[in-house]
Each structure stands twice: as structure tokens, then as C-alpha cells.
Amino acid sequence: MSDEPQIPTHSPVRVTPRSAAPPPRTAPAAAAPSGRWLPRLLVVGLVLAALNLRPAITSLGALLEEVRTGLHMSGGVAGLLTSVPPLCFAVFGVAAPRLARRFGGAAVVCAGMAAIAVGVACRPFAGGTPGFLAASALALAGIALSNVLMPAVVKRYFPDRVGTMTGLYSMALALGTSLAAAVTVPLTAALGGGWRAGLGVWAALAALAVLPWIPVVRDHRAAARPVPSVGVPSAGAVPSVAVPSEGAPAAGPRVARSRTAWALACFFGLQATGAYITMGWLPQIFRDAGVPAGTAGVLLAVTMVMGVPLAFVIPRVAGRMRQQGPIVVALGLAGLAGYAGLLTAPAAGAWLWAVLLGISNCAFPLALTMIGMRARTGTGVVRLSAFAQCAGYLLSIPGPILVGALYQHSGGWTAPLALMAGLIVPQMAAGVLAGRDRTVEDEA
């Protein structure tokens, strides 16, 4: 891939005629060196960004009991806290397409990583629940913007490798998720036992993710400036062509008119409901069953780490299939088995249930892959990604709150787990519809 300015075929270059023209002068090749390092830097940036899309959430899940005690939260407020991520994803994700058109996708992802770093760094210093929620919202806003734009960045820069690149950053996302779940509790103990240090340490990883995006943003801004074109120079005028910027507005489909877009939004929302309930409450489920806190965190890590290999394999397999319904059904059945196990023998079969729920959670990379496959153009992918994720996350908001309320009022996990298992059925139905071989451009 090269950044050298390309002259659009539809934009005529005006040249002042001269009687005796010197030999044509070529455009400067200053952007040529970036063509060698830019793809590699983008891969590094995508991986580091993906690593930061969940630690702010799963590190909190591992220490939720300590945070509840330290901030004097009730079960209902803690349930609200676990619903903040999808709420922020829905609210801030809406702005992603407009910001991408204005500033470019790379610049927005870079700003998102900075927001994550600042929010995660400030969160431990909150003196109460409102401040904790505000700092969390800042970090989650950065995650939301990056969530929406990652499929579009992949579609733009790696159009012939959508499945592979989606699998790569999905694998990195799962790795970051599981890493935070596994090491937050022992890291907290190593840092003195305070939950504030255990949560704040993840700001360093987010700050690291900012670095590779800075030269990418600078490169795009340089490429977007008007540059001399290939042509005949004149005495009174210099021909020029403006290189379209990464975020240039373009016409796209009205995805809200597409049945596939709505099915994908429902599938995304239902899988997000299960994922955030799992990330927020699974350690507590195991702890209430008699599993030690450290082991409960490791079990959550097992659930999350299942996405590392599967998040790389599933998008590649899905990308070769005309319809992704069979994968949707297989993942849903794994989730049903995992919830059934938690209902009947949560401690005895804890490791197996963690593995099965981890397999079920791989509906997330499958949804991202289908977003890239259900639209033909980069603009269509941005709009479909924003629509499916924002509508989906709005749909997922009540789930964690309801689980927290059911847990508090029933005093056990039977009712919450029955609810979580019941949501798998409509998730499979919506996924089968979203996995049909069609695009939103055809329907909208």
C-alpha cells in the first residue's frame, strides 16, 4: 500500500497552455517512504488498540466486590455500573462516523486511545461513585469510538484481507480481555492490595497504544494536502489536485431501511448482553459458589482467553462461507450448555463452564466479521458498524441491570442464569438472519 497522491479520474487538471513547454515534471515522491512502513505500523496500531478495548471493563469485573465495598455500592448500583459500558458504546458510538469524516479514522482511534489512558488513570482517584462513573465514561467513550471504526479501518486499508485482519485484532482484543481478567487480582496484591492501584495500572497499556497512531495521523494529514500534480507547469499557474482525505464524506446506504442491518443489530446487542453480564458477574457467580477470589478471576480469564485462538479462526472461516448461520447456532449451543452447567454444578464443573461460555462469547468477532461482509463499500461498513453497534449496545443496557436486581432480590443465581440462558435463543435467530448472503446496499 502506498500513500502517494492519486489523481482521481473524475477531477480534470487545469493546465495553462504554453507555446514551448519544458519536459513534464513529476509530483514529489515524499510520501513514497511511508508506503513501506505504513502497513506494518497500521497492523501494530490495530493490535495495540484492540488490546485496550476491554481491560477497563474486565479489570473492574475481577475487583467488583472490592470496588462495591470501597465505594459503598448496593447490588443495584453495581448492576448499573456493569451497564455503563454498553450505554457509553451506544451514546458515543453514534458520533464515530461524523468524527471519522471530519478528522479521519486514524485520528479518531488515536484520540480514543488517549481517552482510555486518561480515564483509566483518573478512575482510581475518584472519591465516590459519581466520579468513578465519570472517569469510566471517559475511558469507555474512547473504546466506543474505536469499536465502531476498527471494522472500517480494516475495510479501508486491507480490503482483500478483511477476515484475516478482523481475526487478528479480534484475537488481540480477546487477549487483552483475558489478560486483564487473569492478572488484575494478583497484580493488585503485588501492588499492596488496594483495588485502586489494580485498576489504574492499565492506563500504561493505553498510553502505549497512542504511539503508533501518531505517525499514521501525520502521514494522512500530509497526504491530504494539495500537492503539485503530474503535468506541464505554466508561468502563471501551478496545476494541483487535492488528494481525498481518509475521512472524506461519501454517499452511503440508509442502513436503517435494511432488514439485515436490524438483524445484525439485534444479534450484536444480544451477544453484547451476554458478554457484559459475563465480564461483570461471572467472577461473583463463582465466588458465591465457594470458589476463591483469585481462582474466580482466573476462570473469567479462561472464558476470555478462549477468544484468542477462536477469534482468529472464526472470522477466517466465516469469511469463506456464504452464510454464517451454522456458526451462530454452534456458538449459541455452547452458551446454553455453559449456563445450564452454572445452574446445576457451578463449582464442580467450573472450568468446563468457563470454556463453554468463552466459546459462546466468540459471537463478538463473528458479528464484526459480518459487519465487514454485509456492506460492499467502506462508507457502507462505517454506517453499518455505527448502526449495528449503537443500536445493539442500547439493546444490551437492561441486561446487566436486570441481572443485578434479580441477584439482589432473589439472593441467588437461579433467576439471573435462567434469564441469561433464555436470551441465547433470540440471539441465534437474529444471527441466522444476519448471516444471510446479502448486503445492506441491496436492501437499502
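S170 sits in helix α8 (residues 162-190); helices (H or I, at least four residues) and strands (E, at least two) are DSSP runs, numbered from the N terminus. This is a predicted model, in which local features need pLDDT of at least 70, side-chain atom pairs count only at pLDDT 80 or more, and totals for chains, interfaces and linings use all residues. Residues are numbered from 1 along each chain as its sequence is written, and side-chain values use heavy atoms, with hydrogens and water left out.

Back to S170: with a relative accessible area of 4%, this residue counts as buried. Buried here means under 20% relative accessible area, exposed over 50%, and partly exposed in between (1.4 Å probe, protein chains only). Leaving aside neighbours within four places in sequence, S170 is in contact with G307, A311, P365 and L368. Contact means heavy atoms within 4.5 Å.

Now the whole chain. There are 21 helices and two strands in it. Of its 444 residues, 54% count as buried. Take the contacts with a separation of 6 or more: 83% of them come from residues 24 or more positions apart.

For the classes, Ala, Val, Leu, Ile, Met, Phe, Trp, Tyr, Cys and Pro count as nonpolar, Asp, Glu, Lys and Arg as charged, and the others, Gly among them, as polar. The crossing of α14 and α17 is right-handed. A crossing is left-handed if the near helix is turned anticlockwise from the far one by less than a right angle, and right-handed if clockwise.

| Helix pair | Axis distance | Crossing angle |
|---|---|---|
| α6 (residues 105-122) and α10 (residues 203-210) | within 8 Å | roughly 160 degrees |
| α3 (residues 64-71) and α12 | 9 Å | about 95 degrees |
| α14 (residues 307-319) and α17 | within 9 Å | roughly 35 degrees |

Axes are lines fitted to C-alpha atoms, for helices over the stretch in contact, and angles run from 0 to 180 degrees between N-to-C directions. Angles under 35 degrees count as roughly parallel, over 145 as roughly antiparallel, 65 to 115 as roughly perpendicular and the rest as oblique.

How do the axes of α6 and α10 cross? They come within 8 Å of each other, at roughly 160 degrees. That makes α6 roughly antiparallel to α10. The crossing of these two is left-handed. On the α6 side, the contact uses C110, M113, A114, I116, A117, V120 and A121, and these meet A203, A206, A207, A209 and V210 in α10. The residues of this contact divide into twelve nonpolar, no polar and no charged.

M113 is worth a look of its own. It lies in α6 and is buried, at 0% relative accessibility. Apart from neighbours within four places in sequence, M113 is in contact with A49, N52, L53, S146, A206, A209 and V210.

Not counting residues up to four places away in sequence, V148 touches G93, A96, V382, S385, A386 and Q389. V148 and A96 are 52 residues apart in sequence and 6.6 Å apart in space, C-alpha to C-alpha.

Next, α3 and α12: their axes are 9 Å apart and the helices pack at about 95 degrees. That makes α3 roughly perpendicular to α12. L64, E65 and E66 of α3 make the contact with G280, W281, Q284 and R287 of α12. Those residues divide into two nonpolar, two polar and three charged.

α12 (259-288) also comes up with α20: the buried residues of α20 pack against α12, α15 (325-344), α16 (350-360), α17 (363-373) and α19 (398-410). Among those buried in α20 are P416, L417, M420 and Q427. Helix α20 (residues 414-434) has 21 residues and reaches 31 Å from its first C-alpha to its last, close to the 30 Å expected at 1.5 Å a residue; the expected span is 1.5 Å times one less than the number of residues.

Finally, α2 (residues 55-62) is mostly covered, with eight of its eight residues buried.
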